[in-house]
Amino acid sequence: MQEKESFLSSMIETVRESLLVLDGNYIVLSANKHFLTSFHVSSEETVGKLLFDLGNKQWDIPSLKELLTHILPTSNPVIDYEVEHVFPYIGRKVMLLNAYRIEFEGQYKDRILIAIEDITEKKEQDLR
């Protein structure tokens, strides 16, 4: 079991996209280095905290909460959810969020993986 968890952790760390792993109560279990550096936050400010309380509560969005509540019971992912917000330390950004229930050989069924991509530049280019 610990070997599988180490494998999953190493995969999450190598991805060049901001990733969070949440428990069933939306508490951040882990944040990869890309998330921490992109949002200019520490692990202490992130891990163990409720997703909706992070930063200046930029993820505290009723429609996002509603979508996330359906992931664990139904395995319905959240696909391409846009969040436009003035984030602490990095300013106004447009983030694209995807969230999935984690299943690794039948384990971790009460975990959610969230991938966050900064699409600010792409959105600005599309407007030109």
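Start by colouring the chain by pLDDT. Helix H1, residues 2–14, has the lowest mean pLDDT of the elements in the protein chain, at 64, while H3 has the highest, at 95. This is a predicted model, and where pLDDT is low, the predicted coordinates should not be read in detail. Over the protein chain the mean pLDDT is 87, with 86% of the residues reaching 70 or more.

Next, show the strands. You get an open sheet of five, in the order S2-S1-S5-S4-S3, with antiparallel pairing. Which strands stand at the edges? Select 28–31 and 78–87: those are S2 and S3, and each has a single partner strand, so one side of each is left without a neighbour in the sheet. Look along the sheet and you can follow the twist, which averages 25° from one strand to the next.

Zoom in on the S2 end. Strand S1, residues 18–22, runs antiparallel to S2, and three bridges join the two.

Select 62–69 for helix H4, which touches S3, strand S4 (91–101) and strand S5 (112–118). The direction of H4 makes about 150° with that of S3. Then select 120–127: helix H6 also packs on the sheet, touching S3, S4 and S5, and its direction makes about 115° with that of S4.

Time for side chains. The count of aromatic pairs comes to five. Show phenylalanine 35 and phenylalanine 39 first: their ring centres are 4.7 Å apart and their planes are at 35°, so the pair is tilted. Both phenylalanine 35 and phenylalanine 39 are buried.

Tryptophan 59 and phenylalanine 87 are both buried. Keep all these rings on screen, as ring pairs link Phe35, Phe39, Trp59 and Phe87 into a cluster.

Last stop: select lysine 65 and phenylalanine 52. The charged end of lysine 65 sits over the ring of phenylalanine 52, 4.9 Å from the ring centre.

Definitions and conventions:
Residues numbered from 1 in each chain as written. Predicted model: local features only at pLDDT ≥ 70, side-chain atom pairs only at ≥ 80, totals over all residues. Heavy atoms only, no water. Pairing = 2+ DSSP bridges. Helix = DSSP H or I, 4+ residues; strand = E, 2+ residues; numbered from the N terminus. Axes fitted to C-alpha atoms, helices over the stretch in contact; angles between N-to-C directions. Contact = heavy atoms within 4.5 Å. Phe/Tyr/Trp six-rings, centres within 6.5 Å; stacked < 30°, edge-to-face > 60°. Buried < 20%, exposed > 50% of the residue type's maximum accessible area, 1.4 Å probe, protein only. Lys NZ or Arg CZ within 6 Å of the ring centre and 35° of its normal. pLDDT = per-residue confidence, 0-100.
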